Amino acid sequence: MRELQGIFFLFPIALCLFSQFAYSQLTQNYYANICPNVESIVRAAVTKKFLETPITVGATVRLFFHDCFVQGCDASVIVASSGNNTAEKDHAINLSLAGDGFDTVIRARAAVDAVPQCTNKVSCADILAMATRDVIALSGGPSYAVELGRLDGLRSSASDVNGMLPGPDSSLDQLTNMFAANGLSMSDMIALSAAHTIGFAHCTTFSNRIGSTVDPTMNPTYASQLQGACPANANPNLAVGLDPVSPRTFDNQYYKNLQQGMGLLKSDQVLFTDTRSRPFVNAWARSEAGFQRAFVAAITKLGRVGVKTGANGNIRQNCAVLS
């Protein structure tokens, strides 16, 4: 989730207040009388995609995070640039978003729309939220009830992305402040950071930690392995797994890695090196169940950020085209 450096600032208070009002309208059974089988339809499409391409897990989770932190959870990150508008997905920080995340949502939306009762009745934003839950469960993580009822955003601009996403070298204070701006606590941030137990990061995002001077917070053996996998002047598209132990399993290994100095990004390892966040890391390294409870609570709160309802959104017929 944190692969490029950003600039940090807080959401306006008015936006936060609006968001609180909007997410109060979300409900777990929102589509009960609209598209009753929507969750099973989405799950089937996501499962098919997952079995074809395991990278789908990290790609979809990261897409959800990048969407929610910019203009809220409104699928604005999926919109394609057109005419004079450069959309969010074409901002520099989003260029590394894997195409499999977008494809997951597009496939799931097509499956939903193939059911006559459901055609153009389910938002892309809700499908992304459901798909995120499903890929997490498919990779061994918790399954949880998703709150639904989001509308799709009416705008998508690359300029809105500036400063909204944390970078790979973020300090604990920077991370905490950025998440707080979205109504998320330090513990929420640390729980959500464990999404780095799956997925990949480009060598360029951590090359400064394994150069001629190795970051002293990094396990020397791990640093040596990374130097071999990411040699100097390597192809900028080269990437390695965020979790060197269980890269395809959504588990609490992330925290165990941090205890061993094996956080790939500086913004990962800081969660253990900073004494304020270390107790959370130690607790969730010990307890998979405790981690899962904290993660479900945090990602539920994330899904409430900047929710669009009423005249502030609509349901796009094509997730990639504003309408």
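UniProt lists Pro166 under "binding site", in an unreviewed entry. The model discussed here is predicted. In it, Pro166 sits in the loop that runs between helix H5 (124–138) and helix H6 (172–180). Its relative accessibility is 0%, so Pro166 counts as buried.

Ser156 also belongs to the loop between H5 and H6. Buried means under 20% relative accessible area. Ser156 has 2% relative accessibility and therefore counts as buried. A polar atom of the Ser156 side chain lies 3.2 Å from the backbone nitrogen of Glu88. Leaving aside residues up to four places away in sequence, Ser156 touches Ser76, Val79, Asn85, Thr86, Ala87, Glu88 and Leu322.

## Helix H8

Which residues of helix H8 are buried? H8 spans residues 220–229, and Tyr222, Ala223 and Leu226 are buried in it. Viewed down the axis of H8, these buried residues fall within an arc of 100°, so they line one face of the helix.

The face turned away from the buried side of H8 carries Pro220, Thr221 and Gly228, which are exposed. Strand E2 (239–241) is included in what covers the buried residues of H8. At the start of H8, Asn219 makes a side-chain approach: one of its side-chain oxygens reaches to within 2.9 Å of the backbone nitrogen of Thr221. Thr221 is also one of the exposed residues on the face turned away from the buried side.

## Packing of H3 against H4

Helix H3 covers residues 56–68, and helix H4 covers residues 99–113. How do the two pack? Their axes are 7 Å apart and meet at an angle of about 80°. That makes H3 roughly perpendicular to H4.

On the H3 side, the residues in contact are Thr56, Ala59, Thr60 and Leu63. They meet Asp100, Gly101, Phe102, Thr104 and Val105 of H4.

## Asn312 after H12

Asn312 lies in the segment after helix H12 (288–302). Is Asn312 buried or partly exposed? Its relative accessible area is 38%, so Asn312 is partly exposed. Along the chain, Asn312 and Val161 are 151 residues apart. Their C-alpha atoms are separated by 19 Å.

Note on methods
Residues are numbered from 1 along each chain as its sequence is written. This is a predicted model: local features need pLDDT of at least 70, side-chain atom pairs count only at pLDDT 80 or more; totals for chains, interfaces and linings use all residues. Side-chain values use heavy atoms; hydrogens and water are left out. Buried means under 20% relative accessible area, exposed over 50%, partly exposed in between (1.4 Å probe, protein chains only). Helices (H or I, at least four residues) and strands (E, at least two) are DSSP runs, numbered from the N terminus. The arc is that of the directions from the helix axis to the C-beta atoms. Contact means heavy atoms within 4.5 Å. A polar contact is a pair of N or O atoms within 3.5 Å; within protein, one must be able to donate a hydrogen and the other to accept it, and residues adjacent in sequence count only if both atoms are side-chain atoms. UniProt positions are given in the numbering used here, feature names are shortened, and annotations may be inferred rather than shown by experiment. Axes are lines fitted to C-alpha atoms, for helices over the stretch in contact, and angles run from 0 to 180 degrees between N-to-C directions. Angles under 35 degrees count as roughly parallel, over 145 as roughly antiparallel, 65 to 115 as roughly perpendicular and the rest as oblique.
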